[in-house]
Amino acid sequence: MEKDRIKQAYFDYVLRKNTPPASVFKLTKKLGIPEAEFYRFYPNFEAIDREIWADFGRQAREQASKEPVWPEYSAREKLLGFYFTLLEILKQNRSYALQSLRRYMPEVPGLTPRVLDDFRQDFQAFVGGILRAGQNTDEVANRPVLQERYPRLFWQQALFVLGFFAKDNSLNFERTDAAVEKAVRLSFDLVGPNTFDSALDLARFLFQSRRR
Amino acid sequence: MSNLPPDGAAPELSNGQPLVSLPTTKVARAARFAKTGLKVGANYVKHYAKRAAGADVNADDLHAANAAELYGTLSQMKGSVLKVAQMLAMEKNILPTAYSEQFAQAQYQTPPLSGPLVVKAFRDAFGKSPFELFDEFEPTARQAASIGQVHFARLGAKELAVKVQYPGVASSIKSDLGLVKPVALRILGLDEAQVRPYLEEVETRLLEETDYALELRRGQQIAEQCAHLPHLEFPRYYPELSSARILSMDWLPGQHLREFLQTQPSQEVRNQLGQALWDFYMFQLNELRQVHADPHPGNFLLRADEGGTVGVLDFGCVKEIPTEVHAIFTALLAPETLDDAARLLSLLEEAGVLRSSDSAARRELYLRTLHDSLTLVGQPFRQPTFDFGNPAFLESLYALGDDLLQKPELRQEREPRGSEHFIYLNRTYVGLYALLTELGAFVRTGAAA
């Protein structure tokens with residue numbers, strides 16, 4: 001397909017030259033297609049970068065769910081499975097991943113690089129699904145209002161993981177694996193029924209008692 | 001590593017004591033050390049305040065207070081840090097030997113690996129998930145090993161124990177050692193240059209334990225060389241199902257020492273098990289010159305079949321004994337050495353325990369101390385048979401350690417002595433004696449020597 005050809009050519013170019021082509025014209029000339037053809041699929045190179053990242057996420061979700069034990073995984077294990085598969089994919093494309101993240105790194109730390117916009121939307125939808133399923137198994141506490149914000153908070157975790165991976169200098173990025181284990185355990189300790197719910201319950205009780 | 005029969009799902013703890021919560025992250029560990037540093041500082045303040053107030057205090061009280069503080073901290077940290085402290089303590093007798101029981105519990109404590117990470121470890125190593133590799137694979141670990149966890153798997157008719165290492169353990173050990181070294185040295189009042197050979201020895205062994213490929217080779221090798229010894233059983237290792245971080249071996253039947261003793265085995269069975277262990281160790285020490293240096297109860301599986309069979313697990317910690325060290329060690333334990341003061345003196349000089357620069361009084365002190373220790377430690381070798389069923393022997397061994405600790409002259413020695421190779425040899429002997437005593441075995445000790 002023409003779209004995939006353009007995407008692949010762009011990807012190869014960035015990998016080889018460590019920078020995007022100087023113009024759309026240069027890329028299309030190399031491919032031997034008219035420049036207009038490019039705009040039928042993408043408005044600019046940034047859109048391709050966004051799509052490549054979204055592809056990484058999609059592949060990770062697909063591959064992870066192919067694992068035979070996937071249906072038996074708890075919510076926590078599903079998220080772990082996703083991260084580990086994603087890291088495998090990123091390891092194979094580390095040069096591109098680092099290069100593109102650096103290129104779009106926002107000036108203010110903590111903000112999401114624009115290149116991850118599509119990736120983030122898919123991720124948040126995926127996490128939302130996992131967490132809803134987790135409520136049925138009591139892995140996730142039911143906290144109206146607050147729980148709507150969970151996917152965004154988990155996105156911060158994903159950013160942390162990506163940042164850790166980008167800076168990790170251990171062999172085979174083993175420390176990132178450990179970081180993922182620990183971060184995900186913490187996050188599920190937080191969203192699971194815990195002290196917070198008991199405190200909230202007591203507070204609610206006291207509040208209602210006073211009104212009586 | 002330790003290995004439970006299929007029905008025992010709970011992780012094995014060597015002496016049934018509950019493990020208290022452990023600070024596992026580097027930051028938490030560092031925080032714990034910082035706390036110790038503060039308390040030790042406070043001890044110094046107290047010490048000088050007392051002295052300023054004219055009270056009659058000596059430095060010993062201070063060292064005792066510091067050692068207690070350090071011990072409390074280290075026992076909460078477990079893991080590699082504790083192992084280092086344990087090694088230092090063995091040589092210096094700073095921490096009483098009687099606590100070796102507690103040290104036996106020292107394990108690398110981290111929460112179990114999640115199923116997805118186990119799957120990832122397999123994908124990294126084999127490009128396949130464990131469910132593709134084995135006919136059956138239990139995603140939940142059966143138990144924790146010292147730096148990993150053990151899963152149960154089936155392949156064809158074979159039952160396998162599959163050990164999976166925690167990611168990043170090797171680098172974590174390195175950072176732990178980096179963390180413990182300066183603080184421990186300061187608190188114990190040791191000089192870095194003097195203890196360097198000991199620390200290097202311990203560091204090497206700890207890092208070797210993270211190399212499963214090495215463990216596999218050694219396990220295969222020792223099993224092959226010891227195949228002729230009766231009543232011993234070794235797991236077969238499967239190189240094609242193993243990697244640097246994954247080790248597959250046969251799932252051996254049997255129970256750990258304490259559970260096994262609860263089945264009330266007969267004295268004959270216990271004797272045969274004890275004899276098998278004794279012969280196994282003597283053959284390693286004297287013939288192979290490399291020894292399974294971790295005689296921890298969790299590393300042996302016992303059963304009453306054929307009058308008593310011992311399954312030997314975990315070749316992660318193997319100490320190779322250089323020829324000259326072996327010669328000194330054997331000579332030190334020989335009965336005639338103890339009666340010949342001149343010979344003992346020259347051997348101790350050769351071993352680096354005594355130096356020609358030492359004052360006469362100090363030589364006398366070391367000579368007397370070591371004569372006492374060797375009399376006791378070498379006792380089983382000087383008799384044709386030895387009854388480990390009598391707990392008095394081990395008790396007097398521990399009491400000796402406590403005694404040495406109490407001796408003010410020795411406690412002022414701020415410098416460890418002797419060859420660094422003795423660290424693991426000592427650990428092996430004390431561990432073996434402790435095992436045999438718990439087993440209550442009557443062993444023919446003279447024949448093998």
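Q: Two strands pair if DSSP finds at least two bridges between them; which residue is the bridge partner of Glu136(B) in β3(B)?
A: The partner is Arg154(B), and two bridges join strand β1 (residues 136-137) of chain B to β3(B) in an antiparallel arrangement. Strands (E, at least two residues) and helices (H or I, at least four) are DSSP runs numbered from the N terminus.

Q: What should I know about the model and the numbering?
A: This is a predicted model, in which local features need pLDDT of at least 70 and side-chain atom pairs count only at pLDDT 80 or more, while totals for chains, interfaces and linings use all residues. Residues are numbered from 1 along each chain as its sequence is written, chains are lettered from A and ligands numbered from 1 in the order in which they are written, and side-chain values use heavy atoms, leaving out hydrogens and water.

Q: How many bridges join β3(B) to β4(B)?
A: Eight, and the two strands run antiparallel; Phe152(B) stands opposite Ala161(B) in β4(B). They form a hairpin with two residues between them, where Gly156(B) in the turn has a positive phi of about 60 degrees.

Q: Switching to chain A, at what angle do the axes of α7(A) and α8(A) cross?
A: Helices α7 (residues 117-136) and α8 (residues 150-167) of chain A cross at roughly 120 degrees, their axes coming within 9 Å, where axes are lines fitted to C-alpha atoms, for helices over the stretch in contact, and angles run from 0 to 180 degrees between N-to-C directions.

Q: Which residues of α7(A) meet α8(A)?
A: Among them are Phe123(A) and Leu131(A), and the α8(A) side includes Trp155(A) and Leu162(A), with contact meaning heavy atoms within 4.5 Å.

Methods. Pairing = 2+ DSSP bridges.
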